[in-house]
Amino acid sequence: MGKVIVVTSGKGGVGKTTSTAALGAALAQNGERVVVVDFDVGLRNLDLVMGAERRVVYDLVNVIQGEAKLTQALIRDKRLESLFLLPASQTRDKDNLTTEGVDRVITELKRVFDWVICDSPAGIERGATLAMRHADMAVVVTNPEVSSVRDSDRIIGLLDSKTLKAERGERMEKHLLLTRYDAVRAERGDMLKVDDVLEILSIPLIGIIPESSDVLRASNMGAPVTLADARCAPAMAYFEAARRLRGEQLPISIPGDKRGIFGKIFGRKAA
Amino acid sequence: MSIFGLFRKNKSAPMARERLQVLLAHERASAGSDLVSILREEILAVIAKHVELDADRVHVKMDRDENMSILEIDVEIPLKATLQAA
């Protein structure tokens, strides 16, 4: 049985979709079978970030309504053969997502894939609660910024109350993914530090993704950043986060920390 | 950005621009009713009138280009069905 992960945040624009694509590709680059599922009905974007926007035929709502088979709606990545996308519908209303329909789709996906990664929409409405409903573990994407931290705290509360795991009285495994982190600004005191965010949210850290133009470049090209340039700093941070998702214990490094000109020239690995 | 950035050949912003232009042209043109999905449904309905369709043996693929869309419907018609139709 595959593991179901929800990538969530409450706040919009913090990097859920980017992180879903990057983590999904990182796991698939290791040969595991991965499907990334877009739950943002009406405002889908995972297809665009994955570079599959021209190939969408059927979507999640079609499958739920019985208009298409799951196998017809899944889009195989052109670069990685064990990576698949289940797109959201662009035209339908999000009320078309039924609890029973989502239950059926996720159960079926879990049978076939090692990882089912659900990209949650922003907010705390139906789409967001359905995306987290089946999760075995949650990746809470947070920017080092007050409104993002507050919304993450709210989402953590929902993960502990509105999921199947919570209803069964089990503990939801939650991981913090800190994105758009700028070590220099944090050091200067202009940005919340990693420890500040960890202390406030008190969930374990799974990775720190540095603020980087590589992320924008990758989405411009329609490639998960781990595929666009596997050696850039954000990609390496996502690879590490993916290894931690698999249960590996790795020390967390703060990307871009105290990197001088030599580090910049020679030390891409140090980032 | 590192000094390697200077040697990067292809800029990504033009790619983003082109991808968006193609995508949005299609989405705007099909606001409300998507011609390609209407064609898809109707073509499949016509085939289903004559042959019993096995959903596992129907493959629908699409590729949207700047100037056109390609809708590819690949239906496996079992020998039995062809004999009946003949």
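Student: Which residues does Thr18(A) touch, not counting residues up to four places away in sequence?
Tutor: In this predicted model, Thr18(A) touches Val49(A), Val215(A) and Tyr238(A). Thr18(A) itself is found in helix α1 of chain A.

Student: Why is Thr18(A) called partly exposed?
Tutor: Its relative accessible area is 23%. Buried means under 20% and exposed means over 50%, so Thr18(A), at 23%, is partly exposed.

Student: Why is Ser212(A) called buried?
Tutor: Ser212(A) has a relative accessible area of 19%. The limit for buried is under 20%, therefore Ser212(A) is called buried. Ser212(A) is found in the loop between β8 (205-210) and α11 (213-221) of chain A.

Student: How far apart are Ser212(A) and Ile252(A)?
Tutor: They are 40 residues apart in sequence, and 18 Å apart in space from C-alpha to C-alpha.

Student: Which residues carry the feature "binding site" in UniProt?
Tutor: An unreviewed UniProt entry places that feature at Lys11(A), Gly12(A), Gly13(A), Val14(A), Gly15(A), Lys16(A), Thr17(A) and Thr18(A). Of these residues, Thr18(A) is included in the lining of the second largest cavity.

Student: Where does Thr17(A) lie, and what does Thr17(A) touch?
Tutor: Thr17(A) lies in helix α1 (residues 16-28) of chain A. Leaving aside residues up to four places away in sequence, Thr17(A) touches Asn45(A), Leu46(A), Val49(A) and Asp119(A).

Student: What makes β3 and β8 of chain A edge strands?
Tutor: The open sheet of chain A has eight strands in the order β3-β4-β2-β5-β1-β6-β7-β8, with mixed pairing. Strands β3 (75-76) and β8 each pair on one side only, and are the edge strands.

Student: How do you know that β6 and β7 of chain A pair?
Tutor: Two strands pair if there are at least two bridges between them. Strands β6 (residues 137-142) and β7 (residues 173-181) of chain A have six bridges, in the parallel sense, so they meet the requirement. Within the pair, Thr142(A) stands opposite Leu178(A) in β7(A).

Student: Which strands does helix α10 of chain A touch?
Tutor: Helix α10 (residues 194-201) packs on the sheet, touching β6, β7 and β8 of chain A. The direction of helix α10 makes about 150° with that of β7(A).

Student: What joins β1(B) to β2(B)?
Tutor: A hairpin joins them through four residues. Strands β1 (residues 58-64) and β2 (residues 69-75) of chain B pair in the antiparallel sense over seven bridges, and Asp63(B) stands opposite Ile70(B) in β2(B).

Note on methods. Residues are numbered from 1 along each chain as its sequence is written. Chains are lettered from A and ligands numbered from 1 in the order in which they are written. This is a predicted model: local features need pLDDT of at least 70, side-chain atom pairs count only at pLDDT 80 or more; totals for chains, interfaces and linings use all residues. Side-chain values use heavy atoms; hydrogens and water are left out. Helices (H or I, at least four residues) and strands (E, at least two) are DSSP runs, numbered from the N terminus. Buried means under 20% relative accessible area, exposed over 50%, partly exposed in between (1.4 Å probe, protein chains only). Contact means heavy atoms within 4.5 Å. Axes are lines fitted to C-alpha atoms, for helices over the stretch in contact, and angles run from 0 to 180 degrees between N-to-C directions. UniProt positions are given in the numbering used here, feature names are shortened, and annotations may be inferred rather than shown by experiment. On a 1 Å grid over the protein atoms alone, a cavity is a set of points where a 1.4 Å probe fits but cannot get out, and a pocket is an open set with protein on both sides within 12 Å along at least five of seven lines; lining residues have an atom within 4 Å of a point.
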